[in-house]
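Subject: Handing over the structure

Hi,

Here is the structure I promised to pass on to you.

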Amino acid sequence: MTATETPNPLEIRRLDASSSQFGSQLEQLRRQLSPSGDVVSPKGRELTQRVFGEPLLPSQVVQRICDAVQSEGQPALLRFSQQLDGAELAPGRLRLETSKLEEAHRAAAPEFLASIRRIRDNILAFQSSILHTNVTIRPSDGVRLDQRYVPLRRIGVCVPGGAAAYPSTVLMTVLPAQAAGVEQIAVVAPPTQFGAYNPDVLATCYELGVREVYPVGGAQAVAAMAYGVEGLPAVDKIVGPGNLFVALAKKRVYGEVDIDSIAGPSEVVIVADDSTHPAYTAADMLAQAEHSPGASLLVTWDPQFIDRVQSELELQLAQLSRSALTHDSLNAFGAFILVRDADQACEVTDLIAPEHLHIACRHPRKLAEKIRNAGATFLGPFSPVALGDYAAGPSHVLPTGGTARWAAGLSANAFLRSSSIIEYSQAALEDIAGDISNLATKEGLTAHRRSVEIRTHSPAAAEH
Ligand SMILES: NC(=O)c1ccc[n+]([C@@H]2O[C@H](COP(=O)([O-])OP(=O)(O)OC[C@H]3O[C@@H](n4cnc5c(N)ncnc54)[C@H](O)[C@@H]3O)[C@@H](O)[C@H]2O)c1
Ligand SMILES: N[C@H](CO)Cc1c[nH]c[nH+]1
Ligand SMILES: [Zn+2]
């Protein structure tokens, strides 16, 4: 920016719960964050027009891409990588050579690798301790029931690479999978300096023992992992975050494969009062907005606190390396929400169902108990979201866009499939045979009834 240019003012929307328009304003905000919002930036619209020759919605773009990759395979994957990411990938070998990963690892700074190893230990300690374990019960004589957990065989991980590089996402996806015992892990990241060509991403993959890295991103990478293409065998489950196109593609391929959740653009609701420093709250809002896009919503019952945070935001923004992106993200997706009191703050938070909830007010744990819907909750002034993003142990891959109402964050348990085992003795079957007959008769399924009676009331049964 030159000295004569003035920056756009920071104009974060202000919502007031006492206003008659509050309901519709909040609804509009929720729609904007939702993955079914189907809203894309002007730049994105331009790209769509150029590639597809018409102004399609993101969901229509994703449908075109997934259909083409499913029917044509690798040629469609390469074509979209060229058209959307400007990448000229060779048809012969899609997967990055292991030597590239090894090189990045060798060149990595020892302090970086030391941090990766310490964080790995934190994540593995947490993820291993929450793993489901097999359950056996013997509710009566001759009856044994088991719930058995088996790791998935092969999974695919999306690592974003559009606006920032995410070695932390490699840690937060691969380690839970490894804690669960998954053997085959394929990582996809866009063919960019922030994605599959990022030395930190590659060094982290190598450090964790990942050897399958593919320089593809967006909906085309998700479709390739779901359907399988030459050089990239299909996976059983796709996990990891991404932009709207990645999120919509995961939604679309669900059923062909499993997915973790819709982990789209990052968001935080901060419930705060004057017991926390406004500089902390501003820093937390900026941290989320710098994901670009990233939504930062402050919910408070203290109007002066909002003004103090606004001043802090202006001060701190000027010092950030990603200042312009962060500024635009705050203007587009940020909000100050003034509520009546702590109870209304909980109601509003539950309606938004944010990916991250940071409660930075008095008695945070008490408030947390009143809120049902949040991907991950951070309590008190010294638990910023960045702690969970990078180091604490729970995965930072969390449900976004209101999906925390029903979805959970990624964890080692997401890589386990459960199945039940049922074993009865003849005497135990005889005990329950009458009930089965009654229900089977009601359903008119006489062959079902007979399959039990033949074991309990027949000459064959008498032989046992
Ligand atoms: N929820 C979480 O756990 C979590 C973790 C890390 C990051 N994030 C979020 O993930 C997002 C990552 O975004 P990103 O920018 O890095 O992108 P990304 O790497 O997820 O996707 C980039 C790809 O999208 C495709 N694409 C871009 N514009 C397109 C268009 N107009 N049409 C079709 N395809 C298009 C391109 O192929 C590109 O390679 C951020 O919003 C960040 O907040 C979320
Ligand atoms: N806040 C993102 C979604 O939870 C994760 C992340 C990675 N790096 C920094 N932050
Ligand atoms: Zn973050």
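To start: how many residues surround ligand 1, and which are the closest? There are 32 of them, and the closest are Gly 162, Gly 217, Gly 218, Pro 241 and Gly 242. A residue is near a molecule here if its C-beta atom, placed from the backbone, lies within 6 Å of it.

Before the rest, some housekeeping. This is a predicted model, where local features need pLDDT of at least 70, side-chain atom pairs count only at pLDDT 80 or more, and totals for chains, interfaces and linings use all residues. Residues are numbered from 1 along each chain as its sequence is written, while chains are lettered from A and ligands numbered from 1 in the order in which they are written.

**The chain and its domains**

The chain has 19 helices and 14 strands (DSSP runs numbered from the N terminus: H or I of at least four residues for helices, E of at least two for strands). Its C-alpha trace spans about 100 × 60 × 50 Å along the principal axes. Of the 464 residues, 42% are buried, which takes 20 or more other C-beta atoms within 10 Å of a residue's own; 12 or fewer makes it exposed, and anything in between partly exposed, with C-beta atoms placed from the backbone. Among contacts in the chain with a separation of 6 or more, 72% are between residues 24 or more positions apart. Contact means that the two C-beta atoms, placed from the backbone, lie within 7 Å.

The chain is divided into domain 1 (13-35 + 264-405), domain 2 (98-260 + 412-418) and domain 3 (425-462); the bounds come from an automatic or database domain assignment. The centres of domain 1 and domain 2, taken over C-alpha atoms, are 28 Å apart. Where they meet, 14 residues of domain 1 are in contact with 19 residues of domain 2. On the domain 1 side, the residues divide into 7 nonpolar, 6 polar and 1 charged (Ala, Val, Leu, Ile, Met, Phe, Trp, Tyr, Cys and Pro count as nonpolar, Asp, Glu, Lys and Arg as charged, and the others, Gly among them, as polar).

**The two ligands**

Back to ligand 1. Domain 1 and domain 2 both give residues to its shell, so ligand 1 lies between them. By class, this shell has 16 nonpolar, 14 polar and 2 charged residues. Helix H2 gives the most, with 3 residues.

And which residues are around ligand 2? They are Tyr 166, Ser 168, Thr 169, Ser 266, Asp 389, His 396 and Leu 398. That makes 2 nonpolar, 4 polar and 1 charged. Ligand 2 also lies between domain 1 and domain 2, because both give residues to the shell around it.

**The sheets**

One open sheet has 6 strands in the order E1-E11-E10-E9-E12-E13, with parallel pairing (two strands pair if DSSP finds at least two bridges between them). Strand E1 (13-16) and strand E13 (376-379) each have a single partner strand, so one side of each is left without a neighbour in the sheet. On average, neighbouring strands of this sheet are turned by 20° against each other, direction ignored.

Inside this sheet, strand E9 (residues 266-272) and strand E10 (residues 294-300) run parallel and are joined by 6 bridges. Val 268 has Ser 296 in E10 as its bridge partner. Helix H12 (residues 303-317) packs on the sheet, touching E9, E10 and strand E11 (335-338), and its direction makes about 145° with that of E10. Such angles run from 0 to 180 degrees between N-to-C directions, with axes being lines fitted to C-alpha atoms, for helices over the stretch in contact.

Why is E9 largely enclosed by the rest of the structure? Because 7 of its 7 residues are buried. On one side these are Ser 266, Val 268, Ile 270 and Ala 272, and on the other Glu 267, Val 269 and Val 271.

There is also an open sheet of 3 strands, E2-E3-E14, with antiparallel pairing. Its edge strands are E2 (135-137) and E14 (416-424), each pairing on one side only. E2 and strand E3 (residues 143-151) share 3 bridges, and Val 135 has Gln 147 in E3 as its bridge partner.

**One residue to look at**

Ile 116 is found in helix H6 (residues 110-129). Ile 116 is buried, with 21 other C-beta atoms within 10 Å. Not counting residues up to four places away in sequence, Ile 116 touches Thr 204 and Glu 207.

Cheers
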